[in-house]
Amino acid sequence: MATCTANEEAGHEDSILEALSFPEEEPPGGLAVGTDQGAEALVCPLCPQTSPLSEAERVLKHLLLDHKLVVADVKLIADLPRYMSYWKGRFLDQPLTEYCSVIKTNSEGPVEKQEFYFLLCDVLPEDRLLREQLQQRRLEETLDQQQRERDDTSFQRVCMFCSEEFSGNRASLLNHMAREHAFSVGLPDNIVYCTQFLDHLQMKLDSLQCLYCEKPFRDKTTLKDHMRKKSHRRINAKNHEYDRFYVINYLEMGRSWEEVQSEDDRDMVDPADDDWSDWRAHPVRAVCLFCEQQAESMDRMYSHMEDAHGFNLRQLKTRLGLRFYQQVKLVNYIRRELHQCRCYGCQEKFGSKEEVLQHIMAAGHVMQLPAPSVWDQPQYFFPTYENDGLLCVLVDSEEEEEGAGPAEGAGTAEGVEQRDVPVIAEDLSDLKALRDSSVLNQLLRNPQPPLPRTRWS
């Protein structure tokens, strides 16, 4: 559990500015997205100038301004360094006019103001064949990488949204995030360089940046609320930095992974398998109020807290007649007090949580609660721990008795009486005043003469 902050500033002892969270193993993150292209160089086809691939825009600008050469559809070239190297060798043998389309500007103006530009595009059969070969080569390299990832059994990673850990096949983690957290990046079979992809997404979350709108936030809680409320648990289809992580971008020139994002997700499910009878919900694990013990049912948690700590939540619920939301407020109150290293019974402050627990046991304050006005407050509707599973398994008194038979203590002085419940009228007006003003009294005081008899009477 979250540790206490013993040296809190004065005036802020009761403040919990950020939502607390039970400990979750931190996933390996913070790594930059790697690329095997970073070390490759771009050579100018017409001069000795050489630049790194990261400066591709500057190289293209150099070709346009200094050599009047325009390369069409650069984004569709699978391997730009090899593409440039190939044409450098070809331009040594033949002039540009043998390969490029010539464009003359200001053709109707003076000769001295006319300029000639050269366009290198896939209209030329040789250029088209070169682009297809580079595309095929990149596809083979990508498919080999994808197969290595499928065969790799050393993969191990924690989910970005919960503490569940996955190992072996990467698809299990991707499917888990899609089903349990509504975060889908597409079909797992379409993902490549998966580890780098996940590192890149984790880096954005660690920098408190929304994965969809890419807006920064001040803290993790605000970011989570934003992504949940705005349905931004997805990646931005317009961000082309994700293109290299989708195999579809390597299959056909000009086809974007955005088309895959819009495919029907029902393809992931067998159409004939519509039976949900064997569906099993992911179990919610409740954490003890006093230690890190976890349980998947309320009965086990009741038993643990009674046996290990002497805390009988069922007895408190029955004795005080707590309904569901009162139980929620009580749990959040106790969580908050223990987090702040304070006894929830006598309000005494300590330096650590261990000291608080020792005091509670020694002083017999386990079952001692302050007046309801202290903890039965609206502020305790909000969870002290945002992932507190104990709040999800609390049971209302009436539901528990109807579903599980008589509750403990039923029929005794501490039992909850469910019979002979009086029905109280909504209108509690003055019955005497209502009787005196009734129109019936006027009819009785002023009787009407009888109607004349007819032959039909």
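Let's start on the outside: L64, L65 and V70 make up a nonpolar surface patch with about 230 Å² of accessible area together. A patch here takes residues with over 30% relative accessible area and no salt bridge, with nonpolar side chains (Val, Leu, Ile, Met, Phe, Trp, Tyr) joined within 5 Å. Accessible areas come from the Shrake-Rupley method with a 1.4 Å probe, and for residues only the protein chains shown count as cover. L65 sits in helix 1 (residues 56-67) and counts as exposed at 52% relative accessibility. For these labels, buried means under 20% relative accessible area, exposed means over 50%, and partly exposed is in between.

A quick note on what you're looking at: this is a predicted model, where local features need pLDDT of at least 70, side-chain atom pairs count only at pLDDT 80 or more, and totals for chains, interfaces and linings use all residues. Residues are numbered from 1 along each chain as its sequence is written, and side-chain values use heavy atoms, with hydrogens and water left out.

**The whole protein**

The protein has 16 helices and 9 strands; these are DSSP runs numbered from the N terminus, helices being H or I with at least four residues and strands E with at least two. Of its 457 residues, 37% are buried. Among contacts (heavy atoms within 4.5 Å) with a separation of 6 or more, 55% are between residues 24 or more positions apart.

**Inside**

In soluble globular proteins, nonpolar side chains tend to be buried together. A nonpolar core is a set of buried Ala, Val, Leu, Ile, Met, Phe, Trp, Tyr and Cys residues joined through side-chain atoms within 4.5 Å. Which residues touch the most other members of the largest nonpolar core? They are F311 and Y344, in a core of 33 residues. Helix 9 (298-309), helix 10 (313-320), helix 11 (324-339) and helix 12 (353-363) each give two or more residues to this core, and helix 11 provides the largest share, 6 residues. Beyond its neighbours within four places in sequence, F311 is in contact with residues including L289, F290, I334 and Y344. There is also a second, separate core of 32 residues, with L139, C162, F197 and M227 among them.

**Charged pairs**

The structure holds 20 salt bridges, each a side-chain nitrogen of Lys or Arg within 4 Å of a carboxyl oxygen of Asp or Glu. Here are some of them.

| Pair | N to O distance |
|---|---|
| R138 and E141 | 3.5 Å |
| D199 and R157 | 2.8 Å |
| R228 and D225 | 3.5 Å |

D199 lies in helix 5 (residues 194-206) and R157 in strand 6, so this pair ties together parts that are 42 residues apart in sequence. D199 is buried at 7% relative accessibility, and R157 is buried too, at 4%. The R157 side chain also reaches the backbone oxygen of L198 at 3.4 Å.

R138 and E141 both belong to helix 3 (residues 125-151), 3 residues apart, or about one turn of the helix. R138 counts as buried at 13%, while E141 is partly exposed at 30%. R228 and D225 are likewise 3 residues apart, in helix 6 (residues 220-229). There, R228 is exposed at 51% and D225 is partly exposed at 30%. Finally, salt bridges that share partners link D79, R82, R137, R138 and E141 into one network.

Notes
Buried < 20%, exposed > 50% of the residue type's maximum accessible area, 1.4 Å probe, protein only. Patch = residues over 30% accessible without salt bridge, like charges linked within 9 Å, V, L, I, M, F, W, Y side chains within 5 Å. Polar contact = N/O pair within 3.5 Å; in protein donor to acceptor, adjacent residues only side chain to side chain.
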